[in-house]
Amino acid sequence: MSGRAPRLVTWLRDRDPDLAATRRAGRTALVMPALFALCTEVLHSPVTASYAAFGAFSMLLLVDYSGPMVERLRAQAALAVAWLVLICLGTLAARWLWLAVAATVVTGFVVLFAGVVSSVLAGSSTALLLAFVLPVSAPAAPAQLPERLAGAGLAAAVALPAVALLWPRPVADPLTAPAAAVCRAAAGYLRIRASLPGPDGPGSDADRCRAGAEQTSRTGAELRGAFEATPYRPTGLSATSRAVVRLVDELTWLCGILVDRSEYTAEPPACDPAAHTVRRAAAGVLEAACDLLTDLDGDTGPLRARGKQLRAALAEMEHSSTVRVPAEHPGGTSTAEVYGFIATLDVSFRSQELGFAVLQVADNVDVAATAWQRSWAERLLGGEPGALAAPLTAARERAVTHLRPDSVWLHNSLRGAVGLGIAVFLAGMTGVGHSFWVLLGTLSVLRSNALSTGQNAVRAVLGTVAGSVVGAGLLHLIGHHGTALWFVLPVAILFAGIAPAAVSFAAGQAAFTVTLVVLFNIGHDPNWHIALLRVQDIALGCLVSVLVAAFFWPRGARGAVHKALAEAYDDSARYLGDAVDHALGRRHRADLEPQSRVAAAAARRLDDAFRTYLAERGAKPLSLSCATTLVTGVVALRLAADAVVSLWQGEDRARAQAVRTDAHRAVLGSAALVTDWYHSFAASLTGRSPVPGAVPLQPKCAARLVESVRTELSDAQGRATPVAVRIIWTDDHVDAARRLQPGLAEAARTQARAAHGRRTAGSVSAVPRAPAR
């Protein structure tokens, strides 16, 4: 027996990371039966008992708030108040069927869609819906309202100390530790790179450099592995968790920059000493970010101070780089000579690109820590740390972002609201004996796409059948010894909380059915016939969910991800083109802001679609590694555009000078080729065209750029001007976006081949086989 216990714990930890579901289930198994016993055996109020039991189930099992304990208790208290309000609304609306249906649709949509505004509301949506579904599915006189409120109040009063005292949730986010490890490894690698041969470097150590690169790649892979280890995002829905999720993309992008290399130079010329300074400053920023990720309650001052030092180092490097470009360098126009000329700034550009990436990481870590330290009121209103807009304004902007036909969040909200409304209508019109079960069946399977909803409907019905059979068998065995049900109830609750994560959706549905069977039979003569009759109610709810899902989201989450990817690449490529236009004097900064917001909104919708896809139950038809590559490519493309805008910030006179040169036309030509490829790539993601081939190097554009720098953008001493440096770096940012293309194209082709293989396999399996001879 001693050997079996560790194996059981290991098995449970493999299926329930950090024992999150086990923790919630254990608390609920202790509190819920005790409350139910108090209300039935002491207070002798079945109504109060039901609402106390479901209130405890909702407040302890369906939610698990993150953050400091004070913040969690405040969120629990707010959930309790919302429960009381929704119970009042549901009780009053349930008296007339038309009002019950209308109120269910409106309340369901508001609760579900509000999640896009507030992380607290997003994590509470199922618990809030249960608070409304419970009274609206059981019409009663207003005189019964005090008993219902008393039950919910008792549940809230017990849930608060239970959350604080009974196996409280760890404070740390599961991704912060591996993200801190990436920052630490990248900082170490940068310090090694800064010690390579050069005017300010003591000497090279190839083995240390190689070991540092491998360590950085390994920690980056571990961070991505932790992110992809489960079919759901391994973080909460708080602003801090969302910032850490964005940090995964940005650190992946940073690791890519560290190993990226230009195609036109094997070994760059002697390094500008200022580039070493930038690397050391970037290492200092990453070390401060690592410290802050390790302790999110820490002081953000050191990180911000080192960020200022890095910005100053970048400005100094830009100034010193003007002497690195020999504008009157005698040479021809061959490809080797042209790219050799550009390579004189290659190391400086790598440092500039790296510095911008590190600043983005630092800003995100700052946001994560500041969000962690927010007040509860700011958390509830969804205030973004450092945002210029007021919380309500920011909330309105986020809501408007998703009020589009292609928004996954809008689809989910409409499907859930209309599905629940139809379930209420059918339950009322058909006279189902216990309409709560109909709404329960609808709620159980409405949280996925049409295809998976159909699969989950089958699992829900099978799980309910199994649970009803098990429950009926228990009632039959127990017979008139109803006291035994009190011993069965906590075991059933514990398994109902653990089974969905550790076993399967169907097992969880079966365990929950057993829990309800036991709950509804305590205090009465056990009736196993009623348990079997509940199957038809669940089946009706599942049918509603399938029909509504098929109507509102016929393509499913996989199609939504492809569509969101196409839109994000389209908008991000347009943003990159506009950024280059702005850099070279063809577009004002004010004209650039709308496209920047459009690209950011498209990226947020992509994030929601990808998160929904990851959260789906069942097998993943898309390759997760390929899908992650495609999603991360959007981040890199947008950040390249941001880098171009940042490079030319406040340089209006420089842009006016650049617009009159051949270099201007050369960079615009390169940018047009790259952005046109991304537009074609976006079309291929939706199946409208094949995946295009990557854009090759453009020696003619590069030759025009170099000639312009030598003749039009040099000073009296024959040295390149700051304008020339910025133009070359702008072209390098465009080229960095071009170098992403082969990897993205390969990922898209792999997805397409896999989809074609599945279709072919399906058609082959449908063909009747000839009988064996």
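This is a predicted model: local features need pLDDT of at least 70, side-chain atom pairs count only at pLDDT 80 or more; totals for chains, interfaces and linings use all residues.

Modeller: Residues are numbered from 1 along each chain as its sequence is written, and side-chain values use heavy atoms, with hydrogens and water left out.

Biologist: How many helices and how many strands are there in the chain?

Modeller: Both are DSSP runs numbered from the N terminus, a helix being H or I with at least four residues and a strand being E with at least two. By that rule the chain has zero strands, and its helices number 30.

Biologist: What span should helix 5 have at 1.5 Å a residue?

Modeller: Helix 5 covers residues 97–113, which is 17 residues. The expected span is 1.5 Å times one less than the number of residues.

Biologist: Is Thr40 buried or exposed?

Modeller: Thr40 is found in helix 2 (residues 20–42). Buried means under 20% relative accessible area, exposed over 50%, and partly exposed in between, using a 1.4 Å probe and protein chains only. Because its relative accessible area is 18%, Thr40 is buried.

Biologist: Which residues does Thr40 touch, not counting those up to four places away in sequence?

Modeller: Contact here means heavy atoms within 4.5 Å. With residues up to four places away in sequence set aside, Thr40 touches Ala49 and Trp486.
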